[in-house]
Structure formats: C-alpha cells, structure tokens
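Dear colleague,

Please find below the structure that I am handing over to you.

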Amino acid sequence: MSYFTTPSRVIITCHKRLAPYLEQEVKNLGFDIEEAFVTGLRIKASINECIKLNLNLYCASQVLYSLGSFTAHHPDDVYRFLLQMPWEDIIADEGYFSVTSNVQNPTINNSMFANLRVKDAIVDRFRDKKGTRPTTGSDLIGTVIHLFWKNDSAEIFIDTSGDSLARHSYRKIPGRAPMLEALASATILASRWDRNSTFINPMCGSGTLAIEAALIATNSRPGLFRDNFAFMHVLGYDREIYYAEQDKLEQQIREVPGLRIIATDYSNVAIANAKKNAIAAGVAELIDFECCDFADTEVPKENKGVFFINPEYGDRLGEIAELEETYARIGDFMKQKCGGYFGYVFTGNLDLAKKIGLKAKRRIEFYTSTIDCRLLEYELYEGTRREFNKEPAPLA
C-alpha cells in the first residue's frame, strides 16, 4: 500500500482560536471538512494531498496522516501495537526519524517516556526485519512519527510537516515579542481588508503583520519559503509531485496594482530588521517602511483600507500607566486621521483598550502564548455616518 496515494484520516492542527480561518483555507483548497474542533480539523486525504496542504496553509501547525488507531491502557500496549506495523515501508533503513506526542494518560507523567516506547517499537521492528536500524533524535529533520494518546484511545500518525507550519520560515530576525506568523495571518483573514486597498501597520516591530498582509494580498503561500518537510523523508515520496505543487504556488502569485502597505515603528533597529525580514519574504518592494512615532504615520486619502496596530499589553504597573496614554493616543489618531478606514487593534489587555475611547463593532477572540486576546474592529466614519458593507475577502 502506498500512503502517498491512499486516503486516510488527516488531522490538521492549529493554535487555539485559529480553527475557523484554517477551516476556510482548507475548504478553499477543495477539501471537505469531516470535523472541526478548537485546535484543528479532520479531513480525508492521501500524503500527496498533504503535500498541497503543507505548502498552502497560512494558519496551520501540523498536517498529520493517520496510520491507525488502537486501545492502549499502558505504554506496553503502545509498544506491542506499533511493533506489528511495517515501519520498514515508511522509514529508510539508513534514515533518521523523530517521535512527538500528545499524551493524556494516567500511566504517563512524562511524555518523553511515551516517545521512547514508540521509538523502541520502531527500532525493534527494524532489527527483527532488516537486521539494521535508522538513527533517531529530537530534531525534526527526517521522518516524524506522532502519537496521540488520550485516556485509553491512541492513534499513530505520520507527521507530514515536521517543523511547525505556523512559523513561515522567512523571518530571520524575530525582534521583541514577535507575533506568530500563523496568528498574524489569521487576524488579517478575520478583518474586512479586501487585499487591494491600503494596509497601514504602525508599531510594526519585526514586520510580521505587514509582511503577512503582502503575502496574502499577492496570494504568496508559506510553502515558498521552506525546502524541508517531513513528507520528503517517507519512503515512496515522489519529488515530482512536490515540484508540481511548487510550480502551482509560483503561478498563482498575483500582482496588485496600486497596493500600498505602510509599516512604521519608532525604533530604527526594528525598521531595519523588518526590512530584512521583508526581503527574505520577497515582498520588500510592496511595503513602505518608515521610522517615526505611530501618530506621524502616513494615512493616504485614496484607496482607503485598514489601520492595523498591535500595541504592547503591559505587565508592570509603570508600563500600564504609560500605555494608558498610548492607547488613548491610538484612539485619537483613528478618530482624527483614519476616517473612511476600518481600524483594528490587537491586544491582550482589554482594560487598556477602554482607553481608546471608541466602541468596537466586533471583538474577535484570539490567543497568543498564554494570553487571552481580542482583535477589536472599529468603523471609522468619514463625514456623516455611513454603513460599511465590506465583508472579509476570501483567499484567492
């Protein structure tokens, strides 16, 4: 049996609260969703189809191809089940593999022990069938096997991704407290930006929001920035399938005449780093970078789109007092200079958000690290009050 052409259960994982945006992405790629949950969704697909998913998705973390489910009360049950599986048809004799896991079982107080039992089963199977064994380690640079084990239910997967897809691989200089690339993409997908109008991003830091906006606008997919995926190390991999999918990524990139993405920060170092990251992502020519206070950011009067800012949340009393003034200034800036735009403030401090002094039309739930966050949407009217009718634009 070729796993590359045989459909199986596939779990696509994502960070908490990104699932609605991931679900829309997967549907747009032509897949039917069998089940959606808080941190991902389930479809049916072959590993060749997983190649397409790995290359295209902005909001995903891992694409897991199921090899089978089983009942396990104890780590030895895991070992015995996996010992019977044809690992010699999945991992090369002289290959390298890693084991990851998500374990919630009363017999396990350290997931590393569950990983060890998986590794032992694979190695012992190789020794019995081939008289040799692949090497193993923690670096996700070869074949990756993932164990999901909750209570008495277990499932074993080929992780076709390896390193998390949530990091889009272009960012060489992360800067201070950077936003995860998948989260940045999801917040943009949640907005009403039409991918053609102006995108203004003050306090841009390492440039993640502005860069992700440029990638989404031009339909440039994250797979363009990465050359090693775990599916490449599974026996039966056909590089021509991968090359064909890569060619599709190149062909679907679009030009957006007149698009303006403006990114500013008060720090010269941040702007220098953001420019380097934008160059690595191939979108530097699409972003106007400037070092200035956010209140001095240019707001074009034509082709009005969105104002998108991710201010600090503050974790010390002195910072909070200073940030109260900053949030108030953000509100003043939106009211005075951003008429006709949609305003978006991403924050993990709703008390500070009250200082903005505007009523949010939408409060969209997100999560970053361990912080409960909101993307606050403001209608910034120009002249007399008018209704905005734009809906969030779909991905191409």
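The lining of the largest pocket comprises 18 nonpolar, 14 polar and ten charged residues, where Ala, Val, Leu, Ile, Met, Phe, Trp, Tyr, Cys and Pro count as nonpolar, Asp, Glu, Lys and Arg as charged, and the others, Gly among them, as polar. The model is a predicted one, in which local features need pLDDT of at least 70 and side-chain atom pairs count only at pLDDT 80 or more, while totals for chains, interfaces and linings use all residues. Residues are numbered from 1 along each chain as its sequence is written, and side-chain values use heavy atoms, with hydrogens and water left out.

The volume of this largest pocket is about 1300 Å³. On a 1 Å grid over the protein atoms alone, a pocket is an open set of points with protein on both sides within 12 Å along at least five of seven lines, whereas a cavity is a set where a 1.4 Å probe fits but cannot get out; lining residues have an atom within 4 Å of a point. Grid points are joined across faces, edges and corners, and a volume is the space filled by probe spheres set on the points.

Of the 42 residues that line the largest pocket, Arg176, Ala177, Asn310, Pro311 and Glu312 lie nearest its centre. Two or more lining residues come from each of α6 (208-217), β10 (261-265), α8 (268-281) and α9 (317-337); helices (H or I, at least four residues) and strands (E, at least two) are DSSP runs, numbered from the N terminus. The most is given by α9, with six residues.

Two of these elements also belong to a right-handed β-α-β unit, made by β10, α8 and β11. The crossover is called right-handed because, with the strands pointing away from the viewer, the path from the first strand over the helix to the second runs clockwise. β10 pairs with β11 (residues 287-291) in the parallel sense over five bridges, pairing being assigned if DSSP finds at least two bridges. Alanine 263 is set opposite phenylalanine 289 in β11.

The second largest pocket, of about 460 Å³, is lined by 20 residues, with Ile11, Thr13, Leu64, Asn102 and Phe148 nearest its centre. β8 gives the most to this lining, with five residues. The lining divides into six nonpolar, nine polar and five charged residues.

Yours sincerely
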